[in-house]
Amino acid sequence: MQTPKHILAQNNVSPSLTSTINTVLNASKEIALLLQKGAMSGVLGSAEQENVQGETQKKLDVISNDLLKDMLSECPHVAGIASEEEDLPVPANADGEFLVIFDPLDGSSNIDINVTVGTIFSILPSNGNDASQEATYLQSGRNQVCAGYVLYGPSTLLVMTTGQGVDVFTLDPISKEFVLTEAQSKITPSTKEFAINMSNQRFWAEPIQNYVADMLQGEEGPLEKRYNMRWVAAMVADVHRIINRGGIFMYPWDKREPNKPGKLRLMYEGNPMAMLVEQAGGIASNSEMNILDIQPELIHQRVPVILGSKHEVEVALSYYN
Ligand code: F6P
Ligand code: MN
């Protein structure tokens, strides 16, 4: 039986990073427990607050955010945290080496219907900079020392990378330990599956309109394949499917809200998923460049996302040329 600690030690990950990752995992186990209790834990339904993006928060979003924030603030290696649910970065320990960035509960519209949600996390070095300042966090995804997600589905899974491939762990409900269940997961390079919110079609840019139109033509169209479509409406679940069985996931730029280039957030969703996908042999692009090479300008910045199976993402990107 191999736990994340064993694998991190094998990969020569420092004790301070290991302890930071462990703190995230301990918080995720508490979140898993609350989700399993469902309506019995009295945490479903909307909280009165709206989050910084103006969306109504579910109570469990708030609770998950607070759990992660409180537990990470107690970890001596954490200099500061940034959360999708917090307006501003939260400084923690002046001597901490790491910044932990997270989406505490991705896909939160799924909570009340008992469908998969997840915690997405990304860890950056603090480089001794002031963790109360947004600028300290504005590092490209290439600087990530760890990225991962915990998927709360029929089983609770941890999918994680420290830059040495992607490993998958399953939470044993008896021992409460994550146990390695798939080492060095790889995304198949070709696919016939795509994930996109088709209801936004009329708002997309022309290249994505053309690409999806060609996919819909199946074997009679220029792509000469019959595609299947899947959409869970939780990025964490849609990306997990792709890591398991290939596919292409897109939340492209659209013209609904001109000040928001895409729905997903670069720091909390784009960067960690891009690192995982790249470490598993896939590609993650914003249609112009690799997501990991984007220099962030704002902590809550949005990003168009096209990621997944290498060959298929290359086909999608060829429509932009
Ligand atoms: O975090 C935003 C998010 O919930 C993602 O997890 C998901 O991919 C997307 O929004 C779903 O968007 P839509 O409501 O357009 O289906
Ligand atoms: Mn999210």
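On a 1 Å grid over the protein atoms alone, a cavity is a set of points where a 1.4 Å probe fits but cannot get out, and its lining residues have an atom within 4 Å of a point. The second largest cavity of this structure is lined by E193, F194, A195, R241, I242, G246, G247 and I248. This is a predicted model, in which local features need pLDDT of at least 70 and side-chain atom pairs count only at pLDDT 80 or more, while totals for chains, interfaces and linings use all residues. Residues are numbered from 1 along each chain as its sequence is written, chains are lettered from A and ligands numbered from 1 in the order in which they are written, and side-chain values use heavy atoms, with hydrogens and water left out.

**Second largest cavity**

- The volume of this cavity, meaning the space filled by probe spheres set on grid points joined across faces, edges and corners, is about 30 Å³.
- Two or more lining residues come from each of strand 11 (193-195) and helix 6 (235-245); helices (H or I, at least four residues) and strands (E, at least two) are DSSP runs, numbered from the N terminus.
- Strand 11 gives the largest share of this lining, 3 residues.
- By class, the lining has 4 nonpolar, 2 polar and 2 charged residues; Ala, Val, Leu, Ile, Met, Phe, Trp, Tyr, Cys and Pro count as nonpolar, Asp, Glu, Lys and Arg as charged, and the others, Gly among them, as polar.

**Largest cavity**

- The structure holds 2 cavities of 30 Å³ or more, and the largest contains about 60 Å³ of space.
- Its lining consists of I7, L8, N11, M160, T161, T162, Q164, G165, D167 and F169.
- The lining of the largest cavity divides into 4 nonpolar, 5 polar and 1 charged residues.

**Domains and their interface**

- The protein chain is assigned domain 1 (4-182) and domain 2 (193-318), with bounds from an automatic or database domain assignment.
- The centres of the two domains, taken over C-alpha atoms, are 23 Å apart.
- The contact (heavy atoms within 4.5 Å) takes 46 residues from domain 1 and 33 residues from domain 2.
- Between them the domains bury about 3000 Å², 60% of it on carbon and sulfur atoms; buried area is the accessible area (1.4 Å probe) that two parts lose on being put together, summed over both.
- L138, R142 and Y149 supply 21% of the area that domain 1 buries against domain 2, more than any other three residues.

**Salt bridges**

- Domain 1 and domain 2 have 3 salt bridges between them, each being a side-chain nitrogen of Lys or Arg within 4 Å of a carboxyl oxygen of Asp or Glu.
- The side chains of E84 and R265 form a salt bridge (3.7 Å, N to O).

Definitions and conventions
On a 1 Å grid over the protein atoms alone, a cavity is a set of points where a 1.4 Å probe fits but cannot get out, and a pocket is an open set with protein on both sides within 12 Å along at least five of seven lines; lining residues have an atom within 4 Å of a point.
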